[in-house]
Amino acid sequence: MPATTGGSHALAAFATLIVGTMLSKYLWSYAPPLGEASVAVIRLLRRLTGAGIPLDEQFAGTVVVMVSLSFLWGVLYHVGRHG
């Protein structure tokens, strides 16, 4: 059973990475405040953790799309699995 659930999660992670990268430019075109908020969050994470996270618009947009898709995947998986 772990192979099937792990496989679906791995596929979802890969899909969110690819889709997030492709859709990140649209985030800035259609929802600039959300893009600016994502840059602010990354700036805060860099300040709190000292991590060398890239701080550019494309990366911030990718992170927002990836987190949104991952959350949606998790909700749909949970509802589908536990009805």
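Leu34, Ser38, Val39 and Ile42 in helix H2 meet Phe59, Ala60, Gly61, Val63 and Val64 in helix H3, where contact means heavy atoms within 4.5 Å. The helices are DSSP runs (H or I, at least four residues), numbered from the N terminus. The model is predicted, so local features need pLDDT of at least 70 and side-chain atom pairs count only at pLDDT 80 or more, while totals for chains, interfaces and linings use all residues. Residues are numbered from 1 along each chain as its sequence is written, and side-chain values use heavy atoms, with hydrogens and water left out.

H2 covers residues 32-49 and H3 covers residues 57-82. Their axes are 9 Å apart, and the two helices pack at an angle of about 100°. An axis here is a line fitted to C-alpha atoms, for helices over the stretch in contact, and angles run from 0 to 180 degrees between N-to-C directions. H2 and H3 are therefore roughly perpendicular to each other; the word applies to angles of 65 to 115 degrees.

Ser38 belongs to H2. Leaving out residues up to four places away in sequence, Ser38 touches Ala60, Gly61 and Val64. Ser38 has a relative accessible area of 7%, so Ser38 is buried. Buried means under 20% relative accessible area, exposed over 50%, and partly exposed in between (1.4 Å probe, protein chains only).

The loop between H2 and H3 holds Pro54. This residue is partly exposed because its relative accessibility is 42%. Pro54 touches Ile42, Arg46 and Phe59, again not counting residues up to four places away in sequence. Val41 is 13 residues from Pro54 along the chain, and their C-alpha atoms are separated by 12 Å.

The remaining helix to visit is H1, residues 2-30. Thr16 lies in H1 and counts as buried because its relative accessibility is 6%. Its contacts, with residues up to four places away in sequence not counted, are Met66, Leu69 and Ser70.

Tyr26 is also found in H1. With a relative accessible area of 40%, Tyr26 is partly exposed.

Conventions. Parallel < 35°, antiparallel > 145°, perpendicular 65-115°, else oblique.
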